[in-house]
Amino acid sequence: MAELKKVISSEEIQKRVKELAEKIDEDYKNQPIVFVGTLKGAFIFLADLVRNIKNPNVEVDFVRVKSYGMSDTSSEEVTITKDVETSLENKNVILVEDIVDTGITLKFLQDHLKLHKPKSVKICVLIDKKERKKINVKIDYVGFVIEKGFLVGYGLDFAEKYRHLPEVYEVVKK
Ligand code: PRP
């Protein structure tokens with residue numbers, strides 16, 4: 001059996017997402033930005049983030065990746081299963097991720113997006129989880145730093161469940 005223990009409330013998330021959007025608006029003024037979310041996990045964070053952005057010059061696109069590894073939490077090898085459909089050439093891109101765990105996906109996506117010849121690529125992550133980090137990628141906008149735990153909710157799943165929850169929970173074994 002497992003139970004869910006709340007680790008970030010909906011109010012805390014919404015407050016932090018608003019702060020991140022304000023910082024992004026401040027940094028980019030009204031320069032065009034393409035937000036690129038990683039499916040599936042980032043869909044809720046991206047949706048909330050862009051709705052708090054005041055900059056009128058915003059585009060949104062998605063990538064989807066597949067990880068091959070030893071277990072559902074491992075991502076030793078990553079491939080693209082859906083690329084962006086918008087041209088990123090000479091544009092400012094912000095890659096939006098729900099969580100960085102080992103860092104392997106983020107590093108792969110950072111390198112991949114550069115192949116699209118953007119003007120710049122910055123990274124915005126809701127949760128930077130520390131315990132299993134293998135690759136350190138510089139993250140420009142971080143929502144929360146969490147040491148450890150299997151997290152679900154607000155886009156994050158366990159066997160495709162719990163993505164719809166407005167809060168973030170740790171799955172605790174009983
Ligand atoms: C999660 C998350 C990141 C990745 C992070 O996606 O959304 O993309 O894992 O892990 P890493 O830092 O160890 O590479 P997942 O593979 O669970 O797919 P999902 O977004 O469809 O849930």
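Author: Let's start with R16, which sits in helix α1, residues 10–28. A word on the labels: helices (H or I, at least four residues) and strands (E, at least two) are DSSP runs, numbered from the N terminus. Bear in mind that this is a predicted model, where local features need pLDDT of at least 70 and side-chain atom pairs count only at pLDDT 80 or more, while totals for chains, interfaces and linings use all residues. Residues are numbered from 1 along each chain as its sequence is written, and side-chain values use heavy atoms, with hydrogens and water left out.

Is R16 buried, exposed or partly exposed? R16 counts as partly exposed because its relative accessibility is 24%; buried means under 20% relative accessible area, exposed over 50%, and partly exposed in between (1.4 Å probe, protein chains only). Leaving aside residues up to four places away in sequence, R16 touches V142, G143 and F144, where contact means heavy atoms within 4.5 Å. Two of these come with backbone oxygens to look for: the one of V142 lies 2.9 Å from a polar atom of the R16 side chain, and the one of G143 lies 2.8 Å from a polar atom of that side chain. A polar contact is a pair of N or O atoms within 3.5 Å; within protein, one must be able to donate a hydrogen and the other to accept it, and residues adjacent in sequence count only if both atoms are side-chain atoms.

Two packed helices are described by the angle between their axes and the distance between the axes. Here the axes of α1 and helix α2 (residues 43–51) come within 8 Å and cross at roughly 55 degrees. Those axes are lines fitted to C-alpha atoms, for helices over the stretch in contact, and angles run from 0 to 180 degrees between N-to-C directions. The two helices are therefore oblique to each other: angles under 35 degrees count as roughly parallel, over 145 as roughly antiparallel, 65 to 115 as roughly perpendicular and the rest as oblique. On the α1 side, the contact is made by Q14, V17, L20, A21 and I24, and on the α2 side by F45, D48 and L49. Sorted by class, that gives six nonpolar residues, one polar and one charged; Ala, Val, Leu, Ile, Met, Phe, Trp, Tyr, Cys and Pro count as nonpolar, Asp, Glu, Lys and Arg as charged, and the others, Gly among them, as polar.

Stay with α2 for a moment. Its buried residues are I44, F45, L46, D48 and L49, and they pack against α1 as well as β2 (33–39), β3 (58–68), β5 (92–100) and β6.

D61 lies in β3 and counts as buried because its relative accessibility is 6%. Among its contacts, again skipping residues up to four places away in sequence, are L46, F35 and K82. K129 belongs to β6, residues 120–129, and is buried too, with a relative accessible area of 7%.
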